[in-house]
Structures are given as C-alpha cells and as structure tokens.
Amino acid sequence: MAVSITASPIPSLSSDRTTRFASSSSSSSSSSSSNLSSSSSLQFPVQLRRFRIRTNGISAPSRHRILPQVSAKKQTFSNFDDLLANCEKPVLVDFYATWCGPCQFMAPILNEVSITLNDKIQVVKIDTEKYPSIADKYGIQALPTFIIFKDGEPYDRFEGALNADQLIERIETALKVKL
C-alpha cells in the first residue's frame, strides 16, 4: 500500500465544511463519501511536514546526522576560458546533467576527491544542459565525462562513473605520467 502526502500549501478545512462532514457522517454512506471527497484536502501543520509517513507508521528524520563539511566555493567567470586561464593548478571538469543517474552518483565522490586532492587539482562541475556550447566545444557525448585541463588546454579525458579511489588514482596517474 503506497501513501503519498504533499507538503504544498492546501487550504485548510473551514468550519462550515467540517460541520457538513460531521453531520453527514451520520447519514448514508453515499452522501458521506461525496462530502468526504469534496473536503478531503487537509493542511498539515509545519511541525508535521518534517515527518515521513510510511505504511508501518510515522517516523521523524534523524537529527544526529553528521555530514562532512565541504568547503565548495562558487565562483563566477565571464567565460569558461577565463576559469581555465586563471587557475594555477590543473582543473578537473565534470560534465554532467541533472537527469543523469551516474552523474548524481558522482556528486559526493567529487566532493571527497576535491578534499583529498585539494593541493593538486581544482574540481569544477559544468551542467551540459545549461552550457551546451561548452559541451559541444569539447565533444561531450556521454555523461559523466571528465576532462583534466592543464595550462588552459585539455590534458586527459575519461568517461563514466568511478568510485573515489579509482578517480583519485586516475587523476594522480594522469598528472604524474604527463608532467
């Protein structure tokens, strides 16, 4: 049995509808079902919207989650070439799309790689849906695609989802071999 509840603002029941529903509950089942469908929109209090309603009961989200702090900085450049030209370290560019499952899988892995290789490489993500001209310029045909840029030029390229250890090894190998 699937239960679905939305947290969008829905008008709450008015006292008129509530009294109509209460008075109709004692009448026949056919009239109560029509009143029920006309007044079945409920607004949940803000406190209740945080709970998850499951088929086996209601549970509150865990408050004791400890997530690693990621020091991502959002920078704006007039164009992609400026970003590549102004970076002192090699740049790992992740070409992704929001609808791409493997790309979503790579998001926490890229955060981990960015923290681990902070002194060696800068990690940048480019949404191919928002910036199709950049994707076309570098011939992006599969997602996710990773390109390592050094001195503003493509240096190494690989495609597909990798775990953190594989990605770190791939980056370190590429930088050691081609330096």
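Reader: Which residues of H5 are buried?

Author: This is a predicted model in which local features need pLDDT of at least 70 and side-chain atom pairs count only at pLDDT 80 or more, while totals for chains, interfaces and linings use all residues. Residues are numbered from 1 along each chain as its sequence is written, and side-chain values use heavy atoms, with hydrogens and water left out. Helices (H or I, at least four residues) and strands (E, at least two) are DSSP runs numbered from the N terminus; buried means under 20% relative accessible area, exposed over 50%, and partly exposed in between, with a 1.4 Å probe and protein chains only. By that rule the buried residues of H5 are Cys103, Met106, Ile109, Leu110 and Val113.

Reader: At which residue does H5 bend by about 35 degrees?

Author: The bend at a residue is the angle between axes fitted to the seven residues ending there and the seven starting there. In H5 a proline, Pro108, follows within four residues of the bend, and the residue where the angle is about 35 degrees is Ala107.

Reader: Is Cys103 buried or exposed?

Author: Cys103 is one of the buried residues listed for H5. Its relative accessible area is 2%, so Cys103 counts as buried.

Reader: How many disulfides does the structure hold?

Author: A disulfide is a pair of cysteine sulfur atoms within 2.5 Å. Cys87 is buried at a relative accessible area of 18%, and Cys103 is also buried. The number of disulfides in the structure is 0.

Reader: Which peptide bond is cis?

Author: Most residues other than glycine have a negative phi, and most peptide bonds are trans. Pro144 sits in the loop between helix H6 (132–137) and strand S5 (145–150). With omega near -10 degrees, the cis bond runs from Leu143 to Pro144.

Reader: What is the phi of Asp151?

Author: Asp151 belongs to the loop between S5 and strand S6 (153–159). Asp151 is exposed, because its relative accessible area is 72%. Its phi is positive in a residue other than glycine, near 55 degrees.

Reader: How many salt bridges does the count come to?

Author: Side chains of opposite charge can pair when their charged atoms come close. A salt bridge is a side-chain nitrogen of Lys or Arg within 4 Å of a carboxyl oxygen of Asp or Glu. By this rule the count is 4.

Reader: Where do Glu172 and Lys120 lie?

Author: Glu172 forms a salt bridge with Lys120, the closest N and O atoms being 3.2 Å apart. The pair ties together parts 52 residues apart in sequence, because Glu172 lies in helix H7 (residues 164–178) and Lys120 in the loop between H5 and S4.
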